[in-house]
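Please keep the sequence and the coordinates open while reading.

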Amino acid sequence: MKRRQFLTGAAGAALISTLPTGAIRAWAQSASGVITFGQSTAVLTLDPAHGAFTGYPGGYEASLLLFDRLLDFDADMKIVPQLAESFAMSEDLKSCELKLRAGVTFHDGTPCDAAAIKFNIERMMNKDINTTNRPLWNPIAGADIVDDKTLVIRTSAPFAQLPNTLAHGSGAIVSPAAIQKSGEAGFAQNPVGAGPYMVEAFNAGQELKLKAFDGYWGDKPGASGVVFKFIAEPATRINAITTGAVDVIDSVPVQLVGQLGGNADVEVVRKPGLRPIGLAINLTRPALADVKVRKALNLAVPVATIAEKVFFGYAKAPDSPLAFDAIGHKTVGETVFDQAQAKSLLAEAGYKAGSDGILEKDGKKLTLSLYVPEGLFPGDVAVAEIVAASLKQVGVDAQITKIEKGAYWDHLRQDKANLAWDLGMFGFNPSNASGTYHLASLFKSNADDNTKPDVWNIGRYRNAEVDALLEKADSAPEEAARMDALGKAQELVWADAPYLWLQINENVSAVRKPVSGVTVMPIVFTNLRAARKA
Amino acid sequence: MIGFLARRFATIPLVVLGVVTILFIIFKSVPGDEAAFVAGATATQSEIEAVRVQLGLDRPLVEQYARHVSGLVVGDFGYSTTFRGNPLPHIISRLPATLALAAAAIGLTILIGIPAGVVAAAYRNRLPDYLISLSVVGLLAIPNFWLGMLLIAWLSVDLGLLPSFGASGPASLVIPTLALAARLIALVARMTRGVVIEELRKDYVRTARAKGLSKGLALRRHVLRNVMIPTVTVIGLQAGYLLGGSVVVERLCAWPGIGDLLLTAVSVRDYTLVQGIVMIFVVSFLVINIAVEVLYRFVNPRLRYA
């Protein structure tokens, strides 16, 4: 029996030792001066090239602290200087002269001078090294060093959005010496930048520990360190901020925001996104080529109600093809819910109700195939179901096809002959905040409508006037003229209704006292660059 | 014993090859273009083609398969877009957390499940039996992610006793272990109860009681030994499934194990990484099964001479 008793005792002791033995909360709580950020996506790689920062947006959020860029976006997506003290686009929009800040060094001590910037620009131009964000980098033809502090970036054609590219996350400036040291393949796990924080420890997919960089050229970082922790499960993130184990969380599901409402220590931070969700309309279908039908579809769906009821007010109805904070956004209309008018428009277009209540014309029923992904856009399937039910009320039969999200893009971007959908849910996120880039990506005529779309003009929209305006918006020398052209293009696109416009969702994060200064950028990112912890 | 082990381990490569082949076929036939995904949503067709060549996805399927298998042999799991290279070291680095969780869950099962089953059998159709059997039904019915959420809400948020997520010390292990072990505890308790009741009816127990042993002593000295045989089998079989169950629990508790990595790999569509992790799961499962057989021979002497 002795042996047995011993074993029992040992097992009991082992069990007890795993149980809490006092100040366990202290473990969970983050150290003073260190901000802990519970992210919904893991930080996997930290290199602007080779597929850019992953996962999205977690990697970009970390890159905002680790790297400086030549230019930056402020909270309203205006372009402001960062490593460049000033910049000037040339008259012909084919080059940009940048005056660099003096005395900037990378975390490894390498000077961040014109030669380092040139190295970075050329690295990002290289298609073999930088495989993503190509539309932002393709126009760039080269970089010339004028002197230690002056650099000229050339483009092969007029490119008014060059500053947007430099301010974009992929414009992060990396230490050439670190690339040399870690190699192109190794840099993503051993990143060195010139930002306010430097890497202390990086365990890809789990945790990234940053500490304040003493040699930072700008304002002293507001915290002694920032820890990014990957917490995929929304309920777990909310629990973590409730217990104080983390100071900041992102991507709070709108249906769970209420759980944070009663907590005086937690502040909810929200910002409308840059990605308007809508249903792309397949204009190659004869019925949908009629603008009256497209307008009727828009009138039939209660978008404001969707924003209010499905997203608890954390979404807005759009007033333009662009999101509110896209650069160059102009209010060009409003979302109206008027099913009576929708019905009369459909009647004008020649549709009559059949015996089953579904409209028909020349013996053909107005039956539309609505493609929707599962879990790619906020509340995607729920929204599609409301849309289908609303369309039914005006006599349009929308059949929902749910597509696994991995295969969804393939279904949307198809040759004309293989387009199976009439309505396809889509939302474009212009990562450089440029309205011109957004509108051109979605509505510039395709070179050939029969093959796969050049970018995302999946519905085969074609309007020569819009093409001309977008051209002007990209290349007119005067900014006012560019914005004016972009505004007109928005009006035309809105009037043509190539989409059934739906909601613009807000990005929702939460911050716990005493941390302050956390901002949520329209482009999904929760930005801790200016965050402080007393 | 050595011959037995050698024979068992010799089957592993064969099974693994079968699994590799099936996985390869599955991953080649899932919808979605891997190259297009790697290249990103804004990539043009020519950029996608460049990525395809870079990843070797333009080669004939047979050649891709041969490269895949020969790579696995030397420990090269292929190009993971997540880690920009061979994912194997990253997968291995996650393994200890998952194994710790599984070991803790099995430990807890042995400590709670077996005694609970024995007690229920000894007090058959009396109050302790009813309480235990009711708990068993409850634990079997509760999905582990929901139990995990409740435990976090109660132990961590309300009482502040335990960390709500992550791996920041031994205390972090408690909630995921409870969530993961609950179902297994219930299974083992129920099975143990059944086996003990059956054994208690057998002749050798009657003999033991007839020669004057108390019921408790007969139970401990004679019945338990025989109960161990089916119990070890069930725990062993379930240990393999714990790896699968840990995917959900690890995600819920942000436990940095291999299951959590699997979900990350799926969400970023890193096929190479998913394949690698499934491979590791399969190999672990096979090794666990062999370990169970070895253990089986220890608790059941009859098999040693078979």
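The notes below go from the overall build of one chain to the contact between chains, then to helix packing and local backbone features.

The model is predicted. Chain A holds 18 helices and 24 strands. In the contact between the chains, 45 residues come from chain A and 48 residues from chain B.

**Chain A as a whole**

- The C-alpha trace of chain A spans about 85 × 80 × 40 Å along its principal axes.
- Of its 534 residues, 51% count as buried in chain A.
- Among contacts in chain A with a separation of 6 or more, 67% join residues 24 or more positions apart.

**The contact between chain A and chain B**

- The contact takes 45 residues from chain A and 48 residues from chain B.
- On the side of chain A that touches chain B, the elements giving two or more residues are helix 1 (2-18), helix 2 (24-28), helix 5 (134-137), strand 10 (225-230), helix 8 (234-243) and helix 15 (405-412) of chain A.
- Helix 8 of chain A gives the most to this side, with six residues.
- By class, the residues on the side of chain A that touches chain B are 22 nonpolar, 15 polar and eight charged.

**Helix 8 of chain A against helix 7 of chain B**

- Helix 8 of chain A packs on helix 7 (residues 144-158) of chain B at an angle of about 5 degrees, and their axes are 11 Å apart.
- The angle makes helix 8 of chain A roughly parallel to helix 7 of chain B.
- From helix 8 of chain A, the contact uses A:A235, A:T236, A:N239, A:T242 and A:T243.
- From helix 7 of chain B, it uses B:M149, B:I152, B:A153, B:S156 and B:V157.
- The contact of helix 8 of chain A with helix 7 of chain B has five nonpolar, five polar and no charged residues.

**Helix 5 and helix 10 of chain B**

- The axes of helix 5 (residues 88-122) of chain B and helix 10 (residues 215-253) of chain B come within 10 Å and cross at roughly 145 degrees.
- The crossing of helix 5 of chain B with helix 10 of chain B is right-handed.
- Helix 5 of chain B contributes B:T98, B:L101, B:A102, B:A105, B:I106, B:T109, B:I114, B:V118 and B:A122.
- Helix 10 of chain B meets them with B:L219, B:T231, B:I235, B:A239, B:L242, B:L243 and B:S246.
- The contact of helix 5 of chain B with helix 10 of chain B has 12 nonpolar, four polar and no charged residues.

**Helix 11 of chain B**

- Seven of the 10 residues of helix 11 (residues 258-267) of chain B are buried, so this helix is largely enclosed by the rest of the structure.
- The buried residues of helix 11 of chain B are B:I258, B:G259, B:D260, B:L261, B:L262, B:T264 and B:A265.
- These buried residues pack against helix 5, helix 10 and helix 12 (271-299) of chain B.
- B:R269 follows helix 11 of chain B and has a positive phi, near 55 degrees.

**A buried loop residue, A:Q82**

- A:Q82 sits in the loop between strand 3 (79-81) and strand 4 (84-89) of chain A.
- A:Q82 is buried, because 23 other C-beta atoms lie within 10 Å.
- A:Q82 touches A:D68, A:R69, A:L70, A:L71 and A:D72, leaving aside residues up to four places away in sequence.
- A:Q82 and A:L71 lie 11 residues apart in sequence, and their C-alpha atoms are 4.8 Å apart.

**Backbone exceptions in chain A**

- Most residues other than glycine have a negative phi, and most peptide bonds are trans.
- The peptide bond from A:Y56 to A:P57 is cis, with omega near 0 degrees.
- A:P57 lies in the loop between strand 1 (34-39) and helix 3 (58-66) of chain A.
- A:H50 is placed in the loop between strand 1 and helix 3 of chain A, and its phi is positive, near 50 degrees.
- A:H50 counts as partly exposed, with 19 C-beta neighbours inside 10 Å.
- A:K513 and A:P514 are joined by a cis peptide bond, with omega about 5 degrees.
- A:P514 lies in the loop between strand 20 (499-512) and strand 21 (515-516) of chain A.
- A:F312 has a positive phi, near 55 degrees, and is found in the loop between helix 12 (303-309) and strand 13 (315-316) of chain A.
- A:F312 counts as partly exposed, with 15 C-beta neighbours inside 10 Å.

Technical notes. Residues are numbered from 1 along each chain as its sequence is written. Chains are lettered from A and ligands numbered from 1 in the order in which they are written. This is a predicted model: local features need pLDDT of at least 70, side-chain atom pairs count only at pLDDT 80 or more; totals for chains, interfaces and linings use all residues. Two residues are in contact if their C-beta atoms, placed from the backbone, lie within 7 Å. Helices (H or I, at least four residues) and strands (E, at least two) are DSSP runs, numbered from the N terminus. Ala, Val, Leu, Ile, Met, Phe, Trp, Tyr, Cys and Pro count as nonpolar, Asp, Glu, Lys and Arg as charged, and the others, Gly among them, as polar. A residue is buried if 20 or more other C-beta atoms lie within 10 Å of its own, exposed if 12 or fewer, and partly exposed in between; C-beta atoms are placed from the backbone. Axes are lines fitted to C-alpha atoms, for helices over the stretch in contact, and angles run from 0 to 180 degrees between N-to-C directions. Angles under 35 degrees count as roughly parallel, over 145 as roughly antiparallel, 65 to 115 as roughly perpendicular and the rest as oblique. A crossing is left-handed if the near helix is turned anticlockwise from the far one by less than a right angle, and right-handed if clockwise.
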